[in-house]
Amino acid sequence: MGEVIYLQKQCPKMYKMVDDDNGSLSADEVRRLESIRDNIEELLHMIAGIRRDPNAVALASARFGIMRMTQLYGRAYTMDFAKRCIENMDMAQQFSSD
């Protein structure tokens, strides 16, 4: 998606408000999950380029993710997760425009 913005460094107060509760995860587990996230994003960028249709790739991947998360975690959690993703993107755009 772009450059990682570390809120704990740029805005510690905001970081405490939006940080997911990862306190129970080990450093290795956090690294493993970040690697999976980064690899999937790289694959989606590659497919969007090959297919020359980033909108279709975004819609297809969002559909898959939302449907799967709803099955695993329920509607409320999935909607809250999507909302937090949008809020984080908005904050990242604000930081990059400053």
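L25 lies in the loop that links α2 (12-18) to α3 (27-51). The model you are looking at is predicted, so to speak of local features a pLDDT of at least 70 is needed, side-chain atom pairs count only at pLDDT 80 or more, and totals for chains, interfaces and linings use all residues. Residues are numbered from 1 along each chain as its sequence is written, and side-chain values use heavy atoms, with hydrogens and water left out.

**The chain as a whole.** Five helices and zero strands make up its elements, in the order α-α-α-α-α from the N terminus. Helices here are DSSP runs of H or I with at least four residues, strands are runs of E with at least two, and both are numbered from the N terminus. Of the 98 residues, 7% count as buried. The chain exposes about 8,500 Å², with 57% supplied by carbon and sulfur atoms; such areas come from the Shrake-Rupley method with a 1.4 Å probe, and for residues only the protein chains shown count as cover.

**Around α3.** The 25 residues of α3 should span 36 Å at 1.5 Å a residue, and the end C-alpha atoms are 36 Å apart, which agrees. The expected span is 1.5 Å times one less than the number of residues. Within α3 sits E29, whose side chain makes a polar contact of 2.9 Å with that of R32. A polar contact is a pair of N or O atoms within 3.5 Å; within protein, one must be able to donate a hydrogen and the other to accept it, and residues adjacent in sequence count only if both atoms are side-chain atoms. Just after α3 comes R52, with a positive phi of about 55°, in the loop between α3 and α4 (54-73).

**How open are these residues?** The table lists relative accessible areas (buried is under 20%, exposed over 50%, partly exposed in between, with a 1.4 Å probe and protein chains only).

| Residue | Relative accessible area | Class |
|---|---|---|
| L25 | 32% | partly exposed |
| E29 | 25% | partly exposed |
| R52 | 74% | exposed |
| Y73 | 51% | exposed |
| Y77 | 41% | partly exposed |

**An aromatic pair.** The structure holds one aromatic pair. The ring centres of Y73 and Y77 are 5.1 Å apart and the planes meet at 45°, so the pair is tilted. Rings of Phe, Tyr and Trp (its six-membered ring) pair if their centres lie within 6.5 Å; planes under 30 degrees apart count as stacked, over 60 as edge-to-face and the rest as tilted.
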